[in-house]
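This report describes selected local features of one protein model. The sequence and the structure are shown first.

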Amino acid sequence: RFAENFAGNDRVSSPAVVWERTSKRVLTLEDVTAIKITDTSALRAAGIDPADVARALATVMFDQLFVHGFFHADPHPGNIFVTPDADCVGATSSHPQPWKLTFIDFGMMGEVTDDTREGLRKVLISVASRDGGELVEAIGKIGVLLPGAKTEVLAQAMTQLFSRFGGMGLSQLR
């Protein structure tokens, strides 16, 4: 299903299943020769900018959640690799990146319902627009708040947090 969702996407690959070595309890995938996503030295040596990899990964993770509603639920560095494209020496207009993100180990996958996806979209939009009231409403709709939560007080607190920290970058927040 993951492979089907990203078929035709030149940013993502997943190894084929080796069916003759796969059982109900063991998923065997074809061999992957690639660079570990956190090996920045190897990425740079291959002419790949780690910042480009990070942007592509963020996009792919958002696509999994918000477009497909089906996601890799164990995306640690041992399960995501960067595979240089042997057919492409450098980026061109027809092939914007000379590499792909390769996901492995599909033992933990998750699904997001349409209602939850819509709620998460509203959460992101409310955070981006720094709207504490909308944020509280959105997290309430996706079931994060306990029944009887004082939403007015929480909305005021979120609005104050946005006012205080909303314009800061991550380095400033640290």
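In which helix is the place of Arg-117? In this predicted model, Arg-117 belongs to helix α4. The residue has a relative accessibility of 12%, and because buried means under 20%, Arg-117 counts as buried. Apart from neighbours within four places in sequence, Arg-117 is in contact with Leu-65, Phe-66, Val-67, His-68, Gly-69 and Val-112.

Helix α4 (114-128) also bears on helix α5: together with α6 (151-165), α4 is included in what covers the buried residues of α5. Helix α5 spans residues 132-141, and its buried residues are Gly-132, Leu-135, Val-136, Ala-138 and Ile-139. Viewed down the axis of α5, these buried residues fall within an arc of 165 degrees, so they line one face of the helix.

Just after the helix, Gly-143 adopts a positive phi of about 85 degrees.

The largest pocket has a volume of about 230 Å³. Its lining comprises 14 residues, and Arg-1, Phe-2, Ala-3, Val-17 and Phe-106 lie nearest the centre. Helix α1 (residues 2-5) contributes the largest share of this lining, namely 3 residues. The lining of the largest pocket is divided by class below.

| Class of lining residue | Number |
|---|---|
| Nonpolar | 11 residues |
| Polar | 1 residue |

Conventions
Residues are numbered from 1 along each chain as its sequence is written. This is a predicted model: local features need pLDDT of at least 70, side-chain atom pairs count only at pLDDT 80 or more; totals for chains, interfaces and linings use all residues. Side-chain values use heavy atoms; hydrogens and water are left out. On a 1 Å grid over the protein atoms alone, a cavity is a set of points where a 1.4 Å probe fits but cannot get out, and a pocket is an open set with protein on both sides within 12 Å along at least five of seven lines; lining residues have an atom within 4 Å of a point. Grid points are joined across faces, edges and corners, and a volume is the space filled by probe spheres set on the points. Helices (H or I, at least four residues) and strands (E, at least two) are DSSP runs, numbered from the N terminus. Ala, Val, Leu, Ile, Met, Phe, Trp, Tyr, Cys and Pro count as nonpolar, Asp, Glu, Lys and Arg as charged, and the others, Gly among them, as polar. Buried means under 20% relative accessible area, exposed over 50%, partly exposed in between (1.4 Å probe, protein chains only). The arc is that of the directions from the helix axis to the C-beta atoms. Contact means heavy atoms within 4.5 Å.
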